[in-house]
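Biologist: Hello! Could you show me how to read a protein model, step by step?
Modeller: Gladly, let us look together.

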Amino acid sequence: MNYEELLAFAGRNPMLSLAFAGLTIAIIVTEIARLFRGYKSLKPAELTRMINAGDAVVIDLSAGSDFEKGHITGSRNVQPAQLTPAHKLLASARQSPVVLVCRTGNASSNAAKALKKAGFEQVFVLDGGLPAWQAADLPLVKGRG
């Protein structure tokens, strides 16, 4: 297929061509934003390695009742509104890996942006939240932890 054939196709199918161009631009913008957001997403297996290494601070941003129903071993429950750089769990963790976990991924993404802005060096988010953890057949602990 050459350039003239592509132009002829675009001329015959303007809506399809516009949709293709729009989707291409959206993908490029999304990927550039992901590269510059400042924090990284972790898969459940990667989080397991970090927990086993013993240097990760895992913070669960779920509501207290949801946290008691099930959370990752060793995680601490902090409400998103209380998550500030001065919080007692975070005060000594500026150089440590901080992993944020929530039920959907929305609250942890917003909190990760705030922590990066506050100067935390290693901020991570569990990709897919607790549903991804459960889908990987990894255990949850019940109770306050």
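Modeller: Helices (H or I, at least four residues) and strands (E, at least two) are DSSP runs, numbered from the N terminus. This is a predicted model, where local features need pLDDT of at least 70, side-chain atom pairs count only at pLDDT 80 or more, and totals for chains, interfaces and linings use all residues. Residues are numbered from 1 along each chain as its sequence is written, and side-chain values use heavy atoms, with hydrogens and water left out.

Biologist: How many helices and strands does the protein have?
Modeller: There are six helices and five strands. Along the sequence their order is α-α-β-α-β-α-β-β-α-β-α. The radius of gyration (taken over C-alpha atoms) is 20 Å, well over the 15 Å that the globule rule gives for 145 residues, so the protein is more spread out than a compact globule. That rule is 2.2 Å times the number of residues to the power 0.38.

Biologist: And what box do the C-alpha atoms fill?
Modeller: Roughly 65 × 35 × 30 Å, along the principal axes.

Biologist: What share of the residues counts as buried?
Modeller: Buried means under 20% relative accessible area, exposed over 50%, and partly exposed in between (1.4 Å probe, protein chains only). Here 29% of the 145 residues are buried.

Biologist: Which residue has a positive phi although it is not a glycine?
Modeller: Asp137, with a phi of about 60 degrees. Asp137 sits in the segment after helix 6 (129-135), and is exposed, with a relative accessible area of 71%.
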